[in-house]
Amino acid sequence: MQSFTEENYLKIIYHLSLNTESAVQTNAIAERIQTKAASVTDMIKKLADKKLVDYKKYQGVKLTESGKNAAINIVRRHRLWEVFLVEKLNFKWDEVHDIAEELEHIKSPELIERLDEFLAFPKNDPHGDPIPDKNGKLDNTVFIKLSKLKTGDKGLIMGVSEHSSVFLQHLEKVGLTLGKQIRITEITDFDGSVELSIENKQINVSREVAKHILIKI
């Protein structure tokens, strides 16, 4: 059984490991948690003692199979709770992350399976992130960043890679929400900003915003 802090570390290591095949560095974990590297090392040693991670000094850390399974289970709980909060309690997509951070630590497998069934087995959370099934399997659908599209390309907004409230509120304000059909009408060479058509409206977004919007063509 892991503590709340241990679960948070496993989840962070899991997310960081998705971007690299190499071991995750303690400094990267410290930056994500906003704590000292020495504190991270102490926690990693505890996780290593529980056989949840493999850790080598100066070489970083990797999740063991049991550590990865634990992390995926935490991610599953978090994303299911986000769906519940948005669909059943009418929270907005920019309001649910912090609440789900607390709810994800409820460990009852029966509760989570009933929650999954109650929600009709959703495949994605309110931000478009895939929800692992009860066996830990993820949908491997590949999406393209809006910033990678070319003039004339069309697609559906399927997710975002930035979950901060201020970013999600901005998307809500301009109408760039999940499931919307978009078409690229112009890309500015100077700064990479994108003009797109959505529901017969023209919207301009910066390259910084565009690189965090995920599109299915």
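A word on the ground rules. Residues are numbered from 1 along each chain as its sequence is written, and side-chain values use heavy atoms, with hydrogens and water left out. Because the model is predicted, local features need pLDDT of at least 70 and side-chain atom pairs count only at pLDDT 80 or more, while totals for chains, interfaces and linings use all residues.

I start with the sheet. It is open, has 6 strands in the order S3-S8-S4-S5-S6-S7, and its pairing is antiparallel. Strands here are DSSP runs of E with at least two residues, helices are runs of H or I with at least four, and both are numbered from the N terminus. Two strands pair if DSSP finds at least two bridges between them. The edges are S3, residues 144–145, and S7, each of which pairs on one side only.

Helix H7, residues 165–174, packs on this sheet and touches S4 (154–160), S7 and S8 (213–216). Touching is contact, meaning heavy atoms within 4.5 Å. The direction of H7 makes about 150 degrees with that of S4. For such angles, axes are lines fitted to C-alpha atoms, for helices over the stretch in contact, and the angles run from 0 to 180 degrees between N-to-C directions.

Now to strand S6, residues 194–198. Buried means under 20% relative accessible area, exposed over 50%, and partly exposed in between, with a 1.4 Å probe and protein chains only.

Arg183 has Ser197 as its bridge partner in S6. The two strands form a hairpin with 6 residues between them, and Gly192 in that turn has a positive phi of about 75 degrees.

S6 also pairs with S7, residues 201–205, over 5 bridges in the antiparallel sense. Leu196 stands opposite Ile203, and Val194 is partnered by Val205.

Most residues other than glycine have a negative phi. Glu199, in the loop between S6 and S7, has a positive phi of about 50 degrees although it is not a glycine. Glu199 is exposed, at 54% relative accessible area.

Which loop holds Lys51? Lys51 lies between helix H3 (37–49) and strand S1 (53–56). Its phi is positive, about 65 degrees, and Lys51 is not a glycine either. At 60% relative accessibility, Lys51 counts as exposed.
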